[in-house]
Amino acid sequence: MAGTIWIPGAERIAPSSPGGTITSKAPPRVVWHTTEADPGTSSVWSAMIRVLKNKSAEPQVLYDPLTDRLGQFMPLNVGGRALRNDGATMTNRVGRVCIQIEVIGRSAKPFTGYWRPGKNFRAFMAAARSWGIKDVWPAGPPPRFIASPPHNVPESPRSRTIWLNRGGHYGHSHIPGNDHGDPGGISTTALFAASGTTPKELFTVGQYENLMQQIKNEGAATRQEVRRQAIWSLRYGLQTEEERARADRAFDDAIDAGKTLAEAMADVSQIMQPIAQDLEYRARQNG
Ligand SMILES: [Zn+2]
């Protein structure tokens with residue numbers, strides 16, 4: 001499937017050097033970043049271009065979520081430069097396309113909470129779909145980012161197996177071999193809604209269990225990490241630190257009692273306050 005190379009309406013920006021040649025046959029994907037600056041002005045737009053070029057860390061696409069301004073450094077079918085390699089794997093070149101978008105914003109303040117997406121955002125999403133990229137997040141929604149001290153809540157799932165084999169949308173916080181926590185806890189449902197679609201595949205308990213099993217198989221997860229990931233999948237119900245501690249205990253008790261991960265999560269969900277309007281939560285209830 002050949003898709004859009006230059007997004008209609010995007011401003012062309014000269015990169016510091018051309019993007020890398022892609023030979024990967026892995027499914028196509030998008031990687032979301034935030035530049036860690038406040039959006040909305042032409043001065044920040046110019047500053048971000050300067051910073052990305054000086055670091056030789058250009059993505060294919062730059063986006064201002066307040067003004068709907070869209071820029072493009074290089075064709076969508078070459079590798080960008082915003083990811084670190086994962087050992088010998090050239091992470092920027094995994095996927096038939098690996099479209100990276102730097103959103104001007106801060107990971108601690110998810111841009112979907114205040115943005116004003118318009119026709120350029122829709123054009124970006126349409127271009128992603130033209131390559132067969134589905135409205136899915138194979139590693140789950142991006143985790144929340146806490147600025148001080150910097151960490152993701154919970155720690156990011158950075159599964160090699162998922163990254164190398166599954167297409168869809170990822171955050172920088174999901175990518176193996178990388179340690180950045182952007183784009184923070186953006187709303188994946190808001191993202192798709194702004195481009196005029198309702199995602200067909202949402203994150204369910206079954207998918208979550210598969211994800212955790214894969215991470216365990218890769219030997220990367222401690223029990224605490226697994227617990228954090230499991231509870232994170234129910235994060236919309238967590239309101240306070242006290243509730244979080246109760247959730248942690250309920251999870252540990254269930255695992256100590258020999259229950260499966262799904263059963264432990266069911267126990268945890270019983271003591272939490274769901275936010276009913278959240279689509280992902282509802283999908284979990286149904287799934
Ligand atoms: Zn990033």
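Me: Where is Pro183 found?
Reply: Pro183 is in the loop between β8 and α4 (188-194).

Me: What kind of peptide bond joins Asp182 and Pro183?
Reply: A cis one, with omega at about 10°.

Me: Before I go on, what sort of model is this?
Reply: A predicted model: local features need pLDDT of at least 70, side-chain atom pairs count only at pLDDT 80 or more, and totals for chains, interfaces and linings use all residues. Residues are numbered from 1 along each chain as its sequence is written.

Me: OK. How many helices and strands does the protein have?
Reply: Nine helices and eight strands.

Me: And how much of it counts as buried?
Reply: Of its 287 residues, 47% count as buried. A residue is buried if 20 or more other C-beta atoms lie within 10 Å of its own, exposed if 12 or fewer, and partly exposed in between, with C-beta atoms placed from the backbone.

Me: Now the sheet. What order do the six strands have?
Reply: The order is β1-β4-β3-β5-β2-β8, in an open sheet with mixed pairing. Two strands pair if DSSP finds at least two bridges between them.

Me: Which strands stand at the edges?
Reply: β1 (11-12) and β8 (168-171) do; each has a single partner strand, so one side of each is left without a neighbour in the sheet.

Me: Does β1 run parallel or antiparallel to β4?
Reply: Parallel, over two bridges. Glu11 has Gly71 in β4 as its bridge partner.

Me: In what sense do β3 and β4 pair?
Reply: Antiparallel, over four bridges. One of the bridge pairs is Asp64 with Arg69 in β4. The two strands form a hairpin with four residues between them, and Asp68 in the turn has a positive phi of about 65°.

Me: What holds paired strands together, in general?
Reply: Strands of a sheet pair through backbone hydrogen bonds, either parallel or antiparallel.

Me: Back to phi. Where is Glu36?
Reply: Glu36 is in the loop between β2 and α1 (42-54). Its phi is positive, about 65°, although Glu36 is not a glycine.

Me: How exposed is Glu36?
Reply: Partly exposed, with 18 other C-beta atoms within 10 Å.

Me: What about Ser56, buried or exposed?
Reply: Ser56 is exposed, with 11 other C-beta atoms within 10 Å.

Me: Then α1 itself. What does it reach from first C-alpha to last?
Reply: α1 has 13 residues and reaches 18 Å, close to the 18 Å expected at 1.5 Å a residue. The expected span is 1.5 Å times one less than the number of residues.

Me: Which residues of α1 are buried?
Reply: Among them are Trp45, Met48 and Leu52. These three cover an arc of only 65° around the axis, which puts them on the same side of α1. The arc is that of the directions from the helix axis to the C-beta atoms.

Me: What is on the face turned away from the buried side?
Reply: Exposed residues of α1: Ser43, Ser46, Arg50 and Asn54.

Me: And what do the buried residues of α1 pack against?
Reply: β3, β4 and β5. Two residues are in contact if their C-beta atoms, placed from the backbone, lie within 7 Å.

Me: Where does α2 lie?
Reply: α2 (residues 119-130) lies across β2, β3 (61-64), β4 (69-72) and β5 (98-103), running at about 40° to β4. Axes are lines fitted to C-alpha atoms, for helices over the stretch in contact, and angles run from 0 to 180 degrees between N-to-C directions.

Me: Last topic. Which residues of the largest nonpolar core touch the most other members?
Reply: Tyr63, Ile99, Ile101, Phe124 and Ala128, out of 39 residues. A nonpolar core is a set of buried Ala, Val, Leu, Ile, Met, Phe, Trp, Tyr and Cys residues joined through C-beta atoms within 7 Å.

Me: Where does the largest share of this core come from?
Reply: From α2, which supplies five residues.

Me: What is Ala128 in contact with?
Reply: Val30, Ile99 and Ile133, leaving aside its neighbours within four places in sequence. Another core, of eight residues, lies apart from the largest one, and includes Ala250, Phe251, Ala254 and Met265.
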